[in-house]
Amino acid sequence: MRRPHPREALETHRQARARVHIVDEPESVYAPGGGVTTRQVADVTLPRTELDRLWTPEYLERLARTYWLFLSHISFGLLRVLYSPFSREVVLVRRPFRLLTFRGPRYRTEANRGSVTWPIDRGILVAPSGRGKGFLRMTVERPAEAPAGDEVTVRVTSEVANFYPTIAAGGLPRWMARIGGWLYRFTQLRVHVIVTNAFLRSLARLDLAPSVVGALRQRATVAASEGDVDAMADATALARAEERKQASAG
């Protein structure tokens, strides 16, 4: 991913729409120990100029924030995501009802691929045997060779790997684990698949939440236009520090 020009990174308004195609994938894979892996995949076709504008490290942060905001919006605010420098907590209305707790995001960017990963920590929905295992990952991939034409198709993948659901924990008696596994497939897993596919379809709007880095760059640009050199320098330094923190987390 390239480094953005400051003014490119500041654009948050929607300039175009994309076409989203949900790719058929196996809904889930069950490991012998009780871990579950599920992937939802979408091909997003958008104008080449729009992709060039979005293809920056900052784009990953915006995609991540959009995902968490979408989760809160689609649950009518019942699910809230609480941020800290080192974690993300998905709570039902408020603490202490922590459904899922993730460690801080880890960003990884390459020329044609970028991903953000949240390691699973714990929570009501996580079996004790699954604490500190597994992850949630969002990945965006573009073709290695630029195709002809004015549009480009990128692949967006949402993956939950090695997740141990409480209602189907491997430590339960076999008959209880079997019933719990059935309940998980037709309740929690089904809801997760529906919500994730809805999020992927929402990417057609190309309307991503602003990022922390982008907001700092905007502050620096405004300060520069007003001739406030000190404020511009402070905002630029904070933006660079945030970028270094994201890079070191990856």
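## Strands and the chain as a whole

Helices (H or I, at least four residues) and strands (E, at least two) are DSSP runs, numbered from the N terminus. This is a predicted model, in which local features need pLDDT of at least 70 and side-chain atom pairs count only at pLDDT 80 or more, while totals for chains, interfaces and linings use all residues. Residues are numbered from 1 along each chain as its sequence is written, and side-chain values use heavy atoms, with hydrogens and water left out.

Let's start with the overview: the protein chain has 7 helices and 10 strands. Of its 250 residues, 46% are buried (under 20% relative accessible area, with a 1.4 Å probe and protein chains only). The accessible surface is about 13,400 Å², and carbon and sulfur atoms hold 56% of that; these areas come from the Shrake-Rupley method with a 1.4 Å probe, and for residues only the protein chains shown count as cover.

## A hairpin to look at

Strand 7 (residues 106–109) and strand 8 (residues 113–122) run antiparallel and are joined by 4 bridges; two strands pair if DSSP finds at least two bridges between them. A hairpin of 3 residues links strand 7 to strand 8. Arg 106 has Thr 117 in strand 8 as its bridge partner.

Val 93 sits in the loop between strand 5 (87–92) and strand 6 (98–103). Because its relative accessibility is 38%, Val 93 counts as partly exposed, a class that lies between buried and exposed, the latter being over 50%.
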